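Colleague: I am new to this one. Could you walk me through how to read it?
Modeller: Gladly. Let us look first, then talk.

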Amino acid sequence: MKLERFAENPLLAPVPDHAWESRTVFNCGVAQQDGKIILIYRAQGTENNVSRLGYAESTDGRHFSREAEPVFAPEGPDERLGVEDPRLTPLDGRWQMLYTAWSPESIQVARASTTDFHHWERHGIAFPGPDNKDAALFPRKVNGRYVAFHRIPPAMWIAWSDDLEHWGDYATIMEPRADAFDSLKLGAGGPPIETDEGWVVIYHGVDQDTVYRLGVALLDKDDPTKVLGRPKAAILEPEEPWELVGDIPNVVFTCGTAELGDDYLVYYGGADKVIAGARASKRALLDFAKNG
Ligand code: BMA
């Protein structure tokens, strides 16, 4: 089973007139609110490598209008090199965002929250470095505690918390597999999607040639450290010119999914330079995740 790309791709490209997003726009968190699909996307200008986050919204999921200024920018020593790869989760009436805080000393996961995507409350570092990223919160508590994915290379991990501030009980849930698209390393895409049969997780896997592909897995509903299904084949791999060539070649990388009718809409960065979308039927993706 493969994701089916939108005919409209790429959906968003860099804007030469905007200094902060003139070079790249790519990995984006996804939210759904008031009938809109909202993308909070990573962007870089040509002046340096610092990443900021921009805002785009759509009513059909395929045509987006965007804002001229970033909605979230680096602050303080931990973010000197940028804020990257946001993942958005609705929890207790707010949108929680986990993102990569990058500095010369460390790669860490920080948390901020909002209700309108323009005014943010910062909550500081959630997962300290030296190298932790690809974090996404589950959309509800499991067994009375908050849960999140995170990544300590080369594996995908889970962690637990009572208050969203203090995280512990780190556990590896998925390791690289020698004979698959995720042979070098892997990390979560967006937050997991709850289904009757478990948590569907779309994730990225990297192989020995540093090609980034997307895969899918199914985790147990009550014990998400238990992997119920993990097909060997990728569901999306770089094929289009703007996935093969860009800022970093051969990359498709997702930070979030929307739901529209019977479909999942997966938003992803292409070659770290543009934003694209692809769809899958909910049933087909779940069946594939389960049975591979
Ligand atoms: C990862 C992250 C992503 C990026 C990917 C491919 O380590 O930095 O933001 O898309 O590499 O370059």
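Colleague: What joins the side chains of E75 and R122?
Modeller: A polar contact of 3.4 Å joins them. Keep in mind that this is a predicted model. The two residues are 47 residues apart along the chain, and their C-alpha atoms are separated by 9.8 Å.

Colleague: Where is E75 found, and is E75 buried or exposed?
Modeller: E75 sits in the loop between β5 and β6 (82-91). E75 counts as exposed because its relative accessibility is 51%, and the cut-off for exposed is over 50%.

Colleague: Which side chain does S183 touch through a polar contact?
Modeller: That of Q208, at 3.3 Å. S183 is placed in the loop between β13 (168-174) and β14 (185-188). With 14% relative accessibility, S183 counts as buried.

Colleague: Now charges. How many salt bridges does the structure hold?
Modeller: The general idea comes first. Side chains of opposite charge can pair when their charged atoms come close. In this structure there are 30 salt bridges.

Colleague: Which residue does R66 meet in a salt bridge?
Modeller: R66 meets E21, with 2.9 Å from N to O.

Colleague: What is the distance between the closest N and O atoms of D131 and R151?
Modeller: They are 2.5 Å apart, and the two residues form a salt bridge. This pair links distant parts of the chain, 20 residues apart: D131 is in the loop between β9 (121-127) and β10 (133-137), and R151 is in strand β11 (residues 146-152). D131 is partly exposed at 28% relative accessible area. R151 is buried at 5%.

Colleague: Which residue forms a salt bridge with E259?
Modeller: K282 does, with the closest N and O atoms 2.9 Å apart. E259 lies in strand β19 (residues 252-260) and K282 in helix α2 (residues 282-291), so the pair ties together parts that are 23 residues apart in sequence. E259 is partly exposed, with a relative accessible area of 36%. K282 is partly exposed as well, with 23%.

Colleague: Which residues are linked in a network of salt bridges?
Modeller: E197, R283, D287 and K290 are linked in that way.

Colleague: Let us turn to the ligand. Which residues surround the ligand?
Modeller: Start by listing the neighbours. They are N27, R42, D85, K133, Y212, I248, V251, F253 and D272.

Colleague: What distances separate oxygen atoms of the ligand from the side chains of K133, Y212 and D272?
Modeller: Go one by one. For K133, an N or O atom of the side chain is 3.0 Å from a ligand oxygen. For Y212, the distance to a ligand oxygen is 3.2 Å. For D272, a polar side-chain atom lies 2.6 Å from an oxygen atom of the ligand.

Colleague: How much of the ligand does the protein bury?
Modeller: Taken alone, the ligand exposes 300 Å², and the protein buries 85% of that.

Colleague: Which pocket is the space taken by the ligand?
Modeller: That space is the largest pocket.

Terms used
Residues are numbered from 1 along each chain as its sequence is written. This is a predicted model: local features need pLDDT of at least 70, side-chain atom pairs count only at pLDDT 80 or more; totals for chains, interfaces and linings use all residues. Side-chain values use heavy atoms; hydrogens and water are left out. A salt bridge is a side-chain nitrogen of Lys or Arg within 4 Å of a carboxyl oxygen of Asp or Glu. Helices (H or I, at least four residues) and strands (E, at least two) are DSSP runs, numbered from the N terminus. Buried means under 20% relative accessible area, exposed over 50%, partly exposed in between (1.4 Å probe, protein chains only). A residue is near a molecule or strand if one of its heavy atoms lies within 4 Å of it. A polar contact is a pair of N or O atoms within 3.5 Å; within protein, one must be able to donate a hydrogen and the other to accept it, and residues adjacent in sequence count only if both atoms are side-chain atoms. Accessible areas come from the Shrake-Rupley method with a 1.4 Å probe; for residues, only the protein chains shown count as cover. On a 1 Å grid over the protein atoms alone, a cavity is a set of points where a 1.4 Å probe fits but cannot get out, and a pocket is an open set with protein on both sides within 12 Å along at least five of seven lines; lining residues have an atom within 4 Å of a point. A molecule sits in a cavity or pocket if more than half of its atoms lie within 2 Å of its grid points.
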